[in-house]
Amino acid sequence: MKRGDFVIEYWGPVITDEAAEKKGGKYLFDIMDSPWTIDGSIRANIARYINHSCKPNCEPVVDGKRIFIYAKRGIKPGEELTYDYGKDYFDDHIGKRCRCGHH
Ligand SMILES: [Zn+2]
């Protein structure tokens, strides 16, 4: 894939940040500067298998209440897809346990 190519949509029900906080779990994508969160825990959301990296090869782009993952640089076949989950998620769920290989 080339830089800027569309990879996949991070897809799931749109819920409020409040509901997301109650629900908890790992597959919640908080849309910054909005009261909305995508609940990506459903299996049909293949994008939920994309791991975090501090130096990722993909990046999420928010369009309204939808999240599209794009290639941030060229990606070879078989290369693992990653994106940066963001500071809040990192601090809450990853921190020193980050296994992205860039520490
Ligand atoms: Zn890392």
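In which sense, parallel or antiparallel, do strand β6 and strand β7 pair, and over how many bridges? The structure considered here is a predicted model, in which local features need pLDDT of at least 70 and side-chain atom pairs count only at pLDDT 80 or more, while totals for chains, interfaces and linings use all residues. Residues are numbered from 1 along each chain as its sequence is written, and side-chain values use heavy atoms, with hydrogens and water left out.

Strand β6, covering residues 58-63, pairs with strand β7, covering residues 66-71, in the antiparallel sense, and six bridges join them. Here helices (H or I, at least four residues) and strands (E, at least two) are DSSP runs numbered from the N terminus, and two strands are said to pair if DSSP finds at least two bridges between them. Pro 60 has Ile 69 of β7 as its bridge partner. The two strands form a hairpin with two residues between them, and in this turn Gly 64 has a positive phi of about 65°.

A positive phi also occurs in a residue other than glycine, namely Asp 33, where the value is near 60°. Asp 33 is found in the loop between β3 and β4 and, at 85% relative accessibility, counts as exposed; the term buried means under 20% relative accessible area, exposed means over 50%, and partly exposed lies in between (1.4 Å probe, protein chains only). The loop between β3 (28-30) and β4 (36-39) also holds Ser 34, which is partly exposed at 22% relative accessibility. Although Ser 34 and Thr 16 are 18 residues apart in sequence, their C-alpha atoms are 9.1 Å apart in space.

The zinc ion has as its protein donors Cys 54 (SG), Cys 98 (SG), Cys 100 (SG) and His 103 (NE2), at 2.0 to 2.4 Å, where donors are N, O and S atoms within 2.8 Å of the metal (3.2 Å for Na, K and Ca) and sites may look incomplete, water not being among the atoms. The arrangement is tetrahedral because the four donor atoms subtend angles of 102 to 115° around the zinc ion. In sequence, the donor residues follow the spacing C-x43-C-x1-C-x2-H, and both Cys 98 and Cys 100 are buried.

Aromatic rings of Phe, Tyr and Trp (its six-membered ring) are taken to pair if their centres lie within 6.5 Å, with planes under 30 degrees apart counted as stacked, over 60 as edge-to-face and the rest as tilted. By this rule there are six aromatic pairs. Tyr 85 is partly exposed at a relative accessible area of 23%, whereas Tyr 89 is buried at 15%. Both belong to one aromatic cluster, together with Tyr 10, Phe 29 and Tyr 83.

Tyr 89 is also one of the buried residues of helix α2 (residues 87-94), the others being Phe 90 and Ile 94. Seen down the axis of α2, these buried residues fall within an arc of 100°, so they line one face of the helix; the arc is that of the directions from the helix axis to the C-beta atoms. Lys 87 and Asp 92, on the other side of α2, are exposed.

Conventions
Four donors count as tetrahedral if all angles lie between 85 and 135 degrees; four count as square planar and six as octahedral if opposite donors are over 155 degrees apart and all others between 65 and 115; anything else is irregular.
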